[in-house]
Amino acid sequence: MEDLKIYSYDELMELIKWFDDKKLPVSIQLDKATYIPDVKDTLEKLAVQAEIGYENPKLQGSIFLLKRLKDKLEETQK
């Protein structure tokens, strides 16, 4: 099994802040199985969850989704 990256608080804040000045789509198909109908609302909720559980390896899902969303937006906004 692959080791998960555990983000420091500063790294997490940098990841969350990345979205601040970006033009976000209303919705996005992240992959075949993941559709986000309200990107802005989802980002807000993921950021709160990530701040609460960033130190716990079992609660890294919200950070993982934030990173995947960032990667997808970078890919589509080139």
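## Surface, fold and core of a predicted protein chain

The protein chain exposes about 5700 Å², and carbon and sulfur atoms supply 54% of that area. The model is predicted. Of the 78 residues in the protein chain, 29% are buried.

### Fold

The protein chain contains three helices and two strands. Read from the N terminus, the order of these elements is α-β-β-α-α. The radius of gyration of the protein chain is 12 Å, close to the 12 Å that the globule rule gives for 78 residues, so the chain is as compact as a globular protein of that length. Along the principal axes, the C-alpha atoms fill a box of roughly 30 × 30 × 20 Å.

Contacts in the protein chain can also be sorted by separation along the sequence. Among contacts with a separation of 6 or more, 60% are between residues 24 or more positions apart.

### Core

In soluble globular proteins, nonpolar side chains tend to be buried together. Which residues have the most contacts inside the largest nonpolar core here? They are Phe19, Ile63, Leu66 and Leu69, in a core of 19 residues. The elements that give two or more residues to this core are α1 (9-18), β1 (28-31), α2 (39-53) and α3 (61-76). Helix α2 gives the most, with five residues.

Leu69 shows how such contacts link parts of the sequence. Leaving aside residues up to four places away in sequence, Leu69 touches Phe19, Ile28, Leu30, Ile36, Val39 and Leu43.

The protein chain has 13 positive and 16 negative side chains. The centres of these two sets lie 5 Å apart.

Gln49 is placed in helix α2. Glu55 is found in the loop between α2 and α3. The relative accessibility of Glu55 is 62%, so Glu55 counts as exposed.

The table gives a C-alpha separation for each of these two residues.

| Pair | Separation along the chain | C-alpha distance |
|---|---|---|
| Gln49 and Asp71 | 22 residues | 19 Å |
| Glu55 and Asp21 | 34 residues | 26 Å |

Note on methods. Residues are numbered from 1 along each chain as its sequence is written. This is a predicted model: local features need pLDDT of at least 70, side-chain atom pairs count only at pLDDT 80 or more; totals for chains, interfaces and linings use all residues. Side-chain values use heavy atoms; hydrogens and water are left out. Helices (H or I, at least four residues) and strands (E, at least two) are DSSP runs, numbered from the N terminus. The radius of gyration is taken over C-alpha atoms; the globule rule is 2.2 Å times the number of residues to the power 0.38. Buried means under 20% relative accessible area, exposed over 50%, partly exposed in between (1.4 Å probe, protein chains only). Contact means heavy atoms within 4.5 Å. Accessible areas come from the Shrake-Rupley method with a 1.4 Å probe; for residues, only the protein chains shown count as cover. Lys and Arg count as positive and Asp and Glu as negative; His and the chain ends are not counted. The place of a charge is taken as NZ of Lys, CZ of Arg, CG of Asp or CD of Glu. A nonpolar core is a set of buried Ala, Val, Leu, Ile, Met, Phe, Trp, Tyr and Cys residues joined through side-chain atoms within 4.5 Å.
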